[in-house]
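The structure comes next, followed by the notes.

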Amino acid sequence: MNLPNKLTVFRIILIPVFMLLLIFSKGSAIVNTDLDLTFSWVLAAIVFAVACITDFLDGQIARRKHLVTNFGKFFDPLADKLLVMTALIYLTAFHQVSAWVTAVIVIRELAVTGLRTLVVENNGAVMAAAWPGKIKTFSQMFAIFFLYLKDWPFAIVNFPIGQVLLYIAVFFTIYSGIEYFWKSRAVFADGL
């Protein structure tokens with residue numbers, strides 16, 4: 001197994017670690033008692049950030065060193081979706097994110113994953129992520145990171161950076177989903 005694939009597997013392993021930190025998130029507040037920011041949430045944010053960094057690194061290394069594999073093509077985006085969906089589901093359970101936001105993001109991720117499968121089956125080409133999809137991923141990951149930190153340090157000046165980034169992510173989630181389906185509409189030509 002090459003290094004990019006090991007990083008992808010490591011990211012998948014970090015997901016249950018992230019979950020356990022949230023399941024056992026009882027404890028006293030740190031940093032600022034007004035924020036109610038617990039040590040386990042800070043650790044969860046750090047684990048999430050490390051997982052996000054591995055997402056960036058595995059792709060960079062795979063492309064630069066010509067280590068792209070079918071394993072990586074399949075598991076890298078799957079690991080990203082599992083990580084983001086897990087984080088959003090927990091944020092929704094903890095009443096930090098509206099259920100409709102999580103639903104929009106999860107539905108788009110599942111729909112685009114299905115679309116990518118159809119595209120590969122029809123013409124053998126893997127759909128590369130376009131810029132709106134990359135902005136979506138970037139804003140989702142930073143939004144989630146700051147939401148788990150209760151917007152620290154931006155909370156000091158009362159700026160909800162996590163929510164701002166989350167709504168940017170929702171916009172690009174919808175936009176990039178529509179774009180993927182529009183560009184791939186030929187896949188559905190047989191049913192129209």
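A salt bridge here is a side-chain nitrogen of Lys or Arg within 4 Å of a carboxyl oxygen of Asp or Glu. The model is predicted, and by this rule it holds 8 salt bridges.

**Salt bridges of Glu109**
- Glu109 pairs with Lys136, with 2.7 Å between the closest N and O atoms.
- Glu109 is buried at 2% relative accessibility, Lys136 is buried at 5%, and Lys81 is buried at 13%.

**Salt bridge of Arg11**
- Arg11 and Asp55 meet in a salt bridge of 3.8 Å, N to O.
- Arg11 lies in helix H1 (residues 3-23) and Asp55 in helix H2 (residues 39-64), so the pair ties together parts 44 residues apart in sequence.
- Both Arg11 and Asp55 are buried.

**Gln140**
- Gln140 sits in helix H5 (residues 131-148) and is buried, with a relative accessible area of 3%.
- Beyond its neighbours within four places in sequence, Gln140 contacts Val84, Ile105, Glu109, Ala169 and Thr173.

**Annotated segments**
- An unreviewed UniProt entry lists residues 39-57, 82-107 and 152-175 as "transmembrane region".
- Residues 39-57 are 100% helix, with end C-alpha atoms 27 Å apart.
- Residues 152-175 are 62% helix and 0% strand, with end C-alpha atoms 29 Å apart.

Terms used
Residues numbered from 1 in each chain as written. Predicted model: local features only at pLDDT ≥ 70, side-chain atom pairs only at ≥ 80, totals over all residues. Heavy atoms only, no water. Helix = DSSP H or I, 4+ residues; strand = E, 2+ residues; numbered from the N terminus. Buried < 20%, exposed > 50% of the residue type's maximum accessible area, 1.4 Å probe, protein only. Contact = heavy atoms within 4.5 Å. UniProt positions renumbered as here; feature names shortened; annotations may be inferred.
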